Amino acid sequence: MTLALLIALAVLQVLDGLTTRRILNQGGRELNPVMRAGFAAIGFWPTIAIKGAAMVALGAWGAGQAGPIAPGLLVALYVAVVAWNWRQGR
């Protein structure tokens with residue numbers, strides 16, 4: 001179960017990147033100042049990749065601490081983020 005949640009979390013990171021890119025291409029802006037700074041410093045996709053890897057690592061670490069509840073909460077959070085992005089990019 002934990003592996004499935006971590007895979008889902010990884011997929012959601014890709015979807016977050018794709019939906020964010022779509023919003024930016026339509027003239028929107030990144031609301032997270034840390035991500036905005038990353039985009040300016042090292043570029044969009046490298047920042048997305050680092051953030052995505054960090055989120056999956058956080059989920060894996062949390063699974064070791066609290067079981068599947070930790071990655072499950074991150075999956076729920078990123079489902080909401082991707083849904084928000086999807087609505088904004090329409």
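Q: To begin, which residues in helix 3 are buried?
A: In helix 3, the buried residues are Phe44, Thr47, Ile48, Lys51, Gly52, Met55, Gly59, Gly62 and Ala63. Buried means under 20% relative accessible area, exposed means over 50%, and partly exposed lies in between, with a 1.4 Å probe and protein chains only. Helices (H or I, at least four residues) and strands (E, at least two) are DSSP runs, numbered from the N terminus.

Q: What should I know about the model itself?
A: This is a predicted model, in which local features need pLDDT of at least 70 and side-chain atom pairs count only at pLDDT 80 or more, while totals for chains, interfaces and linings use all residues. Residues are numbered from 1 along each chain as its sequence is written, and side-chain values use heavy atoms, with hydrogens and water left out.

Q: Back to helix 3: what covers its buried residues?
A: The cover includes helix 1, helix 2 (33–42) and helix 4.

Q: How far does helix 3 reach?
A: Helix 3 has 23 residues and reaches 32 Å from its first C-alpha to its last, close to the expected 33 Å. The expected span of a helix is 1.5 Å times one less than its number of residues.

Q: And what comes just after helix 3?
A: Gly67 follows, with a positive phi of about 80°.

Q: How do the axes of helix 3 and helix 4 cross?
A: Their axes come within 6 Å and cross at roughly 145°. The axes are lines fitted to C-alpha atoms, for helices over the stretch in contact, and angles run from 0 to 180 degrees between N-to-C directions.

Q: Which residues meet there?
A: From helix 3, Lys51, Met55, Leu58, Gly59, Gly62, Ala63 and Ala66 meet Ile69, Ala70, Pro71, Leu74 and Tyr78 of helix 4. By class, this contact of helix 3 with helix 4 has 9 nonpolar, 2 polar and 1 charged residues. Ala, Val, Leu, Ile, Met, Phe, Trp, Tyr, Cys and Pro count as nonpolar, Asp, Glu, Lys and Arg as charged, and the others, Gly among them, as polar. Contact itself means heavy atoms within 4.5 Å.

Q: Leu58 is in that list; why does it count as partly exposed?
A: Leu58 counts as partly exposed because its relative accessible area is 39%.

Q: What about Pro46, where is it?
A: Pro46 is in helix 3, and its relative accessibility of 39% makes it partly exposed.

Q: Changing topic: how many residues does helix 1 have?
A: Helix 1 (residues 2–25) has 24 residues and reaches 35 Å from its first C-alpha to its last, close to the 34 Å expected.

Q: Which of its residues are buried?
A: In helix 1, Leu5, Leu6, Leu9, Leu12, Gln13, Asp16, Gly17, Thr19, Thr20 and Ile23 are buried. Their cover includes helix 3 (44–66) and helix 4 (69–88).

Q: Where does Thr19 make its contacts?
A: Not counting residues up to four places away in sequence, Thr19 touches Val82, Asn85 and Trp86. Its relative accessible area is 8%, so Thr19 is buried. Thr19 and Trp86 are 67 residues apart in sequence and 6.1 Å apart in space, C-alpha to C-alpha.

Q: And Thr2, what does it touch?
A: Leaving out residues up to four places away in sequence, Thr2 touches Ala63, Pro68 and Pro71. Thr2 lies in helix 1 and counts as partly exposed, at 26% relative accessibility.

Q: Which residue takes a positive phi just after helix 1?
A: That is Gly27, with a phi of about 95°.

Q: Why does its radius of gyration agree with a compact globule?
A: With 90 residues, a compact globule would have a radius of gyration near 12 Å, and the protein chain has 13 Å, which agrees. The radius is taken over C-alpha atoms, and the globule rule is 2.2 Å times the number of residues to the power 0.38. Along its principal axes the C-alpha trace spans about 40 × 30 × 15 Å.

Q: What share of the residues is buried?
A: Of the 90 residues, 36% count as buried.
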